[in-house]
Amino acid sequence: MKKAIDTNTKAVKPEILMEVRDLVRHFIGPRTSFFGKRKIAHAINGVSFDLYAGETLGLVGESGCGKSTTGQLILNLMEPTSGSVTFLGKDITTLNKQEWRSMRREMQLVFQNPLGALNPRLTIGSQIREPLDIHNVGDADGRNAIVLEMFEAVSLPPHLLERYPHQLSGGQQQRVVIARALIISPKLVVCDESVSALDVSVQAQVVNLLVDLQKKLGLTYLFITHDLSVVRHISNRIAVMYLGRIVELADSETLLENPLHPYTRALISAVPVPDPRARASRATIKGEPPNPFNPPSGCAFNARCPHADDKCRTVLPDFRELAEKHMVACHHAEALVGNQKPNLS
Amino acid sequence: MSNATTSQSSEAQVATDTPLFEIRDLSVVFDTPDGTVQVVDSVDLKVSAGRTLGLVGESGSGKSVTCLAALGLLAARGRVTSGQVMFNGRDLLKISEEEMAKLRGCEVAMVFQDPMVSLNPVKTIGWQISESLCLHQGLSQGGAKKRAIELLDMVGIPNSKNRYGEYPHQFSGGMSQRAMIAMAIACQPKLLIADEPTTALDVTIQAQILELLSDLKKELDMALILITHDLGVIAEAADDVAVMYAGRVVEEAPVLELFDAPLHQYTLGLLSSLPRIDRTVERLSAIEGAAPPPQEFVTGCRFEARCGHCDDTCSGTRPPFTKISATRRVACMHPVKST
């Protein structure tokens with residue numbers, strides 16, 4: 001994997017902001033019998049990727065595939081079982097508290113539910129200001145000026161500063177959360193389903209806002225979502241996860257127009273397209289994702305895959321670069337190259 | 001969804017035949033500490049046997065409340081202030097609660113968004129399906145069990161004999177939703193109302209459930225009302241569509257016509273604000289502002305504040321729900337001109 005990425009870097013020379021290598025995270029399950037062993041869930045099972053400065057990497061997958069856990073691990077909100085996360089040249093999994101505190105400023109998180117992320121008893125203004133207070137940025141007047149500026153940047157009218165979270169609409173609340181995350185000028189923002197709870201008309205506003213802010217402030221996003229339509233719009237590259245592993249990683253257009261992993265194909269064809277004429281083209285896959293406490297041997301997708309054979313049931317496929325900048329973990333990916341793309345329109 | 005194309009043709013059913021289920025001029029108010037709030041304002045809907053009506057709108061637009069009110073399922077503070085709900089020639093708002101109870105779960109059934117909340121955690125799945133069979137169809141316990149296992153097979157739950165005795169926590173989200181559907185179709189209802197049935201599910205499972213609903217609809221010749229906020233789901237599964245905004249139906253059309261040529265400015269805005277998986281758009285054209293909460297509903301057009309085409313005629317009086325063709329109606333003073 002590393003080698004493959006290195007060759008790419010030479011060609012384009014984008015600056016690597018974060019390197020994630022062989023990240024593993026296990027969760028220990030509940031005790032089922034008094035003397036019995038507790039089962040282990042392999043939530044993240046060797047995830048490696050690079051984040052380039054200024055890009056948006058979309059991380060997609062179904063619930064339980066480990067996309068949110070990955071987001072928490074790279075922000076060091078959770079300790080990995082093994083593996084490393086290198087951010088700005090330092091392995092953040094080994095930092096001590098003080099080093100971590102200064103590093104923390106550079107990375108922020110925006111969650112799905114804004115009302116849950118905001119303090120119901122603090123005014124909007126003081127919540128947006130709080131990060132500045134914590135990190136001791138400037139003096140009191142300076143801080144208020146920054147708050148106002150940020151408030152304008154997320155297109156909220158200044159009179160809302162004195163309001164409380166419940167007095168705002170869902171879209172406004174999410175803007176507040178974004179303002180609070182960006183006010184200390186982080187380099188990396190992890191958006192975990194940040195627009196999923198919003199109605200479409202408002203979702204479009206927030207997506208546009210995120211794109212604008214990225215251009216203006218040079219942000220790097222890790223955009224975690226289950227919604228492939230949003231991810232196509234916002235991401236430069238997309239990584240598809242399945243049961244704790246990345247199974248395919250490529251530029252957004254390439255991945256969606258010419259997917260190589262059968263799971264990616266299934267996922268794309270399952271997305272309902274807002275065009276009634278596109279109906280007949282659907283090919284649904286059977287079954288459901290396997291249980292992480294009891295993962296199948298070989299490729300995790302083998303039970304649902306139309307191309308699965310004996311090799312898939314026994315040997316774990318390597319995550320390899322099949323075409324330029326197109327990584328895939330499937331034994332049969334070669335056979336799928338050039339094979340017509342899933343019919344979308 | 002392979003043979004869905006056949007059911008798409010809008011001319012298959014002409015609007016003149018009597019619909020199985022028709023809501024006329026339905027208004028619902030809620031009593032709140034701050035006074036009465038009208039959440040549903042003179043809503044008209046209809047659906048015929050074998051058809052799927054997609055009811056689409058943003059959160060708070062009144063789509064769920066409309067259907068709950070029609071089935072007499074409103075919470076204590078909600079009241080129907082006017083209207084008729086015709087089902088098979090009877091007005092459901094006029095019949096007694098006893099008759100209504102006989103009807104619900106039998107001739108009319110409902111499937112809700114979150115299967116994990118709707119299922120009783122301390123009863124087996126099989127028991128919960130058998131319950132309505134014993135109640136409505138008077139089957140014996142043995143007979144109900146046999147039928148329940150058939151139903152589990154019908155909704156695609158593998159190993160149904162063993163699954164019959166399992167509890168909801170042993171079912172995954174998709175499987176629970178299948179069990180809920182099995183329960184809903186247990187008495188072969190004539191009308192099935194599915195309220196956001198796939199919203200809590202992953203896309204691959206959503207595709208399976210939509211396919212299942214459409215197969216069952218054909219098999220049982222049901223009328224289906226599909227409530228959703230997702231225009232993708234509408235495009236996938238509906239025959240006719242009603243678009244709701246701020247407590248009113250603003251547009252009604254067969255699905256192809258709606259997507260080809262939306263008439264209401266809101267529908268157009270909604271369609272163009274969607275991110276698309278099948279094409280790249282430079283920038284999403286968002287609708288400015290947000291939908292008003294029910295306390296701020298006005299008499300005039302409620303989309304006016306967010307609309308780029310409004311003028312003096314839009315405020316003050318409610319835009320009439322004008323018939324454009326045999327199958328299309330729109331409530332807009334300045335409908336989108338077709339190009």
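The following questions and answers concern a predicted model. Residues are numbered from 1 along each chain as its sequence is written, and chains are lettered from A in the order in which they are written. Local features need pLDDT of at least 70, side-chain atom pairs count only at pLDDT 80 or more, and totals for chains, interfaces and linings use all residues.

Me: Which element gives the most residues to the side of chain B that touches chain A?
Reply: Two residues are in contact if their C-beta atoms, placed from the backbone, lie within 7 Å. In these terms 43 residues of chain B are in contact with 38 residues of chain A. The elements of chain B that give two or more residues to this side are α1 (4-8), α9 (203-220), α10 (231-237), α11 (255-260) and α12 (265-272), where helices are DSSP runs of H or I with at least four residues and strands are runs of E with at least two, numbered from the N terminus. With 7 residues, the element that gives the most is α9(B).

Me: How many residues of the side of chain B that touches chain A are charged?
Reply: Ala, Val, Leu, Ile, Met, Phe, Trp, Tyr, Cys and Pro count as nonpolar, Asp, Glu, Lys and Arg as charged, and the others, Gly among them, as polar. On that side of chain B, 21 residues are nonpolar and 14 are polar, and the number charged is 8.

Me: Are α8(B) and α9(B) roughly parallel or roughly antiparallel?
Reply: Helix α8 (residues 173-184) of chain B packs with α9(B) at an angle of about 15°, their axes 10 Å apart. Axes are lines fitted to C-alpha atoms, for helices over the stretch in contact, and angles run from 0 to 180 degrees between N-to-C directions. Angles under 35 degrees count as roughly parallel, over 145 as roughly antiparallel, 65 to 115 as roughly perpendicular and the rest as oblique. The two helices α8(B) and α9(B) are therefore roughly parallel.

Me: Which residues of α5(B) meet α8(B)?
Reply: The axes of α5(B) and α8(B) come within 9 Å and cross at roughly 20°, which makes α5(B) roughly parallel to α8(B). By class, their contact has 5 nonpolar, 2 polar and no charged residues. On the α8(B) side stand A179(B), A182(B) and M183(B), and the residues of α5(B) that meet them are I125(B), Q128(B), I129(B) and S132(B).

Me: Is N159(B) buried or exposed?
Reply: N159(B) is in the loop between α6 (141-154) and α7 (160-163) of chain B, and its phi is near 60°, a positive value in a residue other than glycine. A residue is buried if 20 or more other C-beta atoms lie within 10 Å of its own, exposed if 12 or fewer, and partly exposed in between, with C-beta atoms placed from the backbone. Because N159(B) has 10 C-beta neighbours inside 10 Å, it counts as exposed.

Me: What is the phi of D22(A)?
Reply: D22(A) lies in strand β1 (residues 16-28) of chain A. It has 15 other C-beta atoms within 10 Å and is therefore partly exposed. Most residues other than glycine have a negative phi. In D22(A), however, phi is positive, near 50°.

Me: How far apart in space are N120(B) and Y167(B), C-alpha to C-alpha?
Reply: N120(B) is found in the loop between α4 (115-118) and α5 (125-137) of chain B, and it is exposed because 12 other C-beta atoms lie within 10 Å. N120(B) and Y167(B) are 47 residues apart in sequence, and their C-alpha separation in space is 8.7 Å.
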